[in-house]
Amino acid sequence: MRKFDDIIKNKLEGYEAPFDASAWSKLERSLDTVTGTNASGSNSFNLHLAAGVAATIVLTTIFTSLPNIEQKPPVVEDSDHSVPTEIIESTASSNTDAIEFIAQEVHLIDLGSAETVVEKSASNIAGTSENRTEEKQSGSSSDEAENMSSQTPKRIAENAQADFTAKGIQCAEHKVRFNANLDQSAKVTWMFDGLFVKDGLSAEHAFESAGTHEVRMIAEFTDNSKVVLKRDITIYEQPIADFDVAMNNSSECVLTDVILKATPSSNHYKWLMDGDSIGKGQTLQVRLKNGLHTVELVTINEAGCSAKDTYPIRVENGSEIFAPNAFSDNGDGLNDAWEVTGLENLRSFSLKITRVQSNSVVFETSTDAKWDGSINGTSERPVRGEQFTWVLSGTDECGNRIQQGGPISYSPTSR
Amino acid sequence: MGLWHPHEEMQLVEGCKNGSRVAQQEVFKALYRRLLGVCMRYADDEDEAKDILQNGFIKMFKSIENYKGDGSFEGWIKRIVINTAIDNYRRKKVKPVVVDTDLTDRLGDNMEDELEDESIYEQIPVKVVLDSVQKLSPAYKAVFNLYVLEGYNHNEIAEMLEISVGTSKSNLSKARLNLRKMLKPLVDKISQE
């Protein structure tokens, strides 16, 4: 393996990715936010700062209040799926059974109150940090600011209408889409928590943690004037979906007891087996027949944030009941009769075969595992391609009630 | 010899410590392509790599007071960027990968048979190798990078990624196999030429 490793290492070690020309400006904006300063380089690099004038007017607008749980859009619960025939019993036990939280869907998110900063950058070289200085003033009471305003022509930012909306799921690690609403053409940059920078009229971002996060939309107009709009978004905690599986097998049992146990929390739990809903609650007991099954746990918390955990489980130890889905009575020794195997592990059973077309029972037994295709014991035979269904009900040696079934196709080849 | 002359490097470090944008930009420009190349190995795609690198640079500039000149400046920055990539991996909350062990074993057997052809991998373009590394699952990718590229041992990797030593070894083995599997069609093509 050493040579393979060395080859890969030699190839990748010196690899240099293409330069992104916009990367520095994004980083610089983040650094401005993180350090709270616009570093001007007063150091050995002997920078000459160009004079720049900026006036800021801070406008505060109260927008709609923070969202609450009741405001979240309703979500349609999973419709009742038919329980797979392999699952004959399920019991749920949890003190959260009665609580049913509803998962969020993508919705228009209420944002916190907005703070708008209109920046009338008069410098035609605005944007280069070495040449720009920012002078922030809160409110419009400053005489200096008023004088400046009367002396200089109005910039686009002063009259522009700027706002943004957010749409998505208000939970950690879920993407939220932000859309700028502007009545003027502008270059838009987004900053999330002062760290993540994205460009464009709309941007997606997934907040990694719950809490209040700052979103900043910076609209830069054609005359270099800017509007910076800050709003907070509340993000709720993402629940954990995790569970353990325990099996209690006996080789005499057709079905295997499987206990599914979710990591305890105050969340609501929903369980699915092979894609079908099977129950709710922190723990769930099901009985499964042999084979590979996919268990899925969905947890939903009070805020409507949901998480999913899917895991395949293989049940191997129980004895198995098997029946083919087709037979032919052409005397070739292969599937000449339809037969269920594994019935020796049942204390008692009842087998019923129904003709699909007429929905009439054509064969019924509690002793024989084989059907030769005769209709109600007469000389009548099925026609080629005719469809039947079988249903087996019984009790295995462990006392499990069994119900299993499936289709049968009559498909004889030429004699 | 590093990227900069020692005197120049000292000035850059001092400039960064003083918050000079010019010094920061100089460091950024000099290291951006190389460090983005590192981040791309840990990320699923270029966008994620750029986010990792940006966070790495922010962390580095914020903590530059801690750089005392022990070891190369470039190496110190690279370690911060790799740690940022590891933090990013941890945040992903990676679920265990369900592996068809039979398939992996069979694949492993086949691959072992082909060891004599390893030099063919030298002819594969670097971008193809990088794309294949990016396609590895996050858990495999992290271990592969830390072991093969950065030279950490399994004990160190286990501690960094909060996994067992056995898992680290197993993930490395599976990463190699998956990488070989992804590169195999091209290897076969090159062999036939």
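Tutor: The model is predicted, and local features need pLDDT of at least 70, side-chain atom pairs count only at pLDDT 80 or more, while totals for chains, interfaces and linings use all residues. Residues are numbered from 1 along each chain as its sequence is written, and chains are lettered from A in the order in which they are written.

Student: What makes residues of chain A count as in contact with chain B?

Tutor: Two residues are in contact if their C-beta atoms, placed from the backbone, lie within 7 Å. By that test, 38 residues of chain A touch 38 residues of chain B. Helix 1 (2-13) and helix 2 (23-35) of chain A are the elements that give two or more residues to this side of chain A. Helices are DSSP runs of H or I with at least four residues, strands are runs of E with at least two, and both are numbered from the N terminus.

Student: Which classes make up that side of chain A?

Tutor: It has 19 nonpolar, eight polar and eleven charged residues. Ala, Val, Leu, Ile, Met, Phe, Trp, Tyr, Cys and Pro count as nonpolar, Asp, Glu, Lys and Arg as charged, and the others, Gly among them, as polar.

Student: Why are strand 5 and strand 6 of chain A called paired?

Tutor: Pairing requires that DSSP finds at least two bridges between two strands. Strand 5 (residues 162-168) and strand 6 (residues 175-182) of chain A are joined by seven bridges and run antiparallel, so they pair. Ala166(A) stands opposite Phe178(A) in strand 6 of chain A.

Student: Why are strand 3 and strand 9 of chain A at the edges?

Tutor: The open sheet of four strands has the order 3-5-6-9 in chain A, with antiparallel pairing. Strand 3 (107-109) and strand 9 (202-206) each have a single partner strand, so one side of each lacks a neighbour in the sheet.

Student: What is the angle between helix 6 and helix 9 of chain B?

Tutor: Axes are lines fitted to C-alpha atoms, for helices over the stretch in contact, and angles run from 0 to 180 degrees between N-to-C directions. Helix 6 (residues 126-135) and helix 9 (residues 165-192) of chain B pack at about 145 degrees, with axes 9 Å apart. Residues making the contact include Val128(B) of helix 6 and Leu179(B) of helix 9 of chain B. By class, this contact has six nonpolar, one polar and one charged residues.
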